[in-house]
Amino acid sequence: MTEPAPAFADYVAICETKARYCRCLDTKDWAGYADVFTDGVVLDTRASGGEMVEGREQVVAMVKSAIGKAITVHQVHSPEIALTDPDTAEAIWAMQDHVVWDEAKAQAVGRKSLTGFGHYRETYRRCGDGAWRIARTELTRLHMSFESLTRG
């Protein structure tokens, strides 16, 4: 990324948006989770075995159906953030997530849990209310480890 670095206040605001993303996702605060996105957000998880979904309501519904009853922990770090214009930024976040599915979902997916490592590649937009929100996010994974339903 060769674009200019954002002003410190914008850098912090973008980092706080991503922090809310993780906290709201893990605590299942679906209204708070929805608020970190623009109306027309695109979520692309195809590179990590998922699908591509467009629209805030559709993204929340897809994520909620996938992990709504799971115990999740999402960690992001090492942000690389650059402005592409005064109200748009590109970011890459290193990530780790751990998902422990409820009994029914574990039976359906054939695994008790997964731990993944990879990156979020995102576009942020400064909205009319001044808040930075995620307009596009792509999840890629470098490695995934699974815990089987039975040990041994």
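Y21 is buried, at a relative accessible area of 4%. Buried means under 20% relative accessible area, exposed over 50%, and partly exposed in between, with a 1.4 Å probe and protein chains only. The model is predicted: local features need pLDDT of at least 70, side-chain atom pairs count only at pLDDT 80 or more, and totals for chains, interfaces and linings use all residues. Residues are numbered from 1 along each chain as its sequence is written, and side-chain values use heavy atoms, with hydrogens and water left out.

## Aromatic cluster

A pair of aromatic rings is described by the distance of the centres and the angle of the planes. Rings of Phe, Tyr and Trp (its six-membered ring) pair if their centres lie within 6.5 Å; planes under 30 degrees apart count as stacked, over 60 as edge-to-face and the rest as tilted. By this rule the protein has 5 aromatic pairs. Two of them are set out here.

| Pair | Centre to centre | Angle between planes | Class |
|---|---|---|---|
| Y21 and Y33 | 5.3 Å | 45° | tilted |
| Y33 and F37 | 5.1 Å | 85° | edge-to-face |

The pair of Y21 and Y33 links distant parts of the chain. Y21 sits in helix α1 and Y33 in helix α2, 12 residues apart. Y33 is buried at 1% relative accessibility. F37 is buried too, at 1%. Ring pairs join Y21, W30, Y33, F37 and Y120 into a cluster.

## Overall fold

The protein has 4 helices and 6 strands. Helices (H or I, at least four residues) and strands (E, at least two) are DSSP runs, numbered from the N terminus. Their order from the N terminus is α-α-β-β-α-β-β-α-β-β. The radius of gyration is 16 Å, close to the 15 Å that the globule rule gives for 152 residues, so the protein is as compact as a globular protein of that length. That radius is taken over C-alpha atoms, and the globule rule is 2.2 Å times the number of residues to the power 0.38.

The C-alpha atoms fill a box of roughly 55 × 30 × 25 Å along the principal axes. Buried residues make up 41% of the 152 residues. Contact means heavy atoms within 4.5 Å. Of the contacts with a separation of 6 or more, 59% come from residues 24 or more positions apart. The accessible surface comes to about 8100 Å², and 53% of this belongs to carbon and sulfur atoms. Accessible areas come from the Shrake-Rupley method with a 1.4 Å probe; for residues, only the protein chains shown count as cover.

Helix α1 has 20 residues. From first C-alpha to last, α1 reaches 28 Å, close to the 28 Å expected at 1.5 Å a residue. The expected span is 1.5 Å times one less than the number of residues. The buried residues in α1 include D10, I14, T17 and K18. Y21, C22, C24 and L25 of α1 are buried as well.

Helix α3 covers residues 56-67, 12 residues in number. Its span is 17 Å, close to the expected 16 Å. V59, V60, M62, V63 and I67 are its buried residues. Seen down the axis of α3, these fall within an arc of 165°, so they line one face of the helix. The arc is that of the directions from the helix axis to the C-beta atoms. On the other side of α3, E57 and S65 are exposed. What covers the buried residues of α3 includes helices α1 (8-27) and α2 (30-35). Strands β1 (37-44), β2 (52-54), β3 (71-85) and β4 (88-100) are also part of that cover.

## Backbone and strand details

Most residues other than glycine have a negative phi. K28 has a positive phi of about 60° although it is not a glycine. K28 lies in the loop between α1 and α2, just after α1. S78, also not a glycine, has a positive phi near 55°. S78 is placed in strand β3. Its relative accessible area is 48%, so S78 is partly exposed.

E80 is also found in strand β3. At 42% relative accessibility, E80 counts as partly exposed. E80 and V42 are 38 residues apart in sequence and 20 Å apart in space, C-alpha to C-alpha.

T88 belongs to strand β4. At 9% relative accessibility, T88 counts as buried. Leaving aside neighbours within four places in sequence, T88 is in contact with A82, L83, T123, Y124, R125 and W132.
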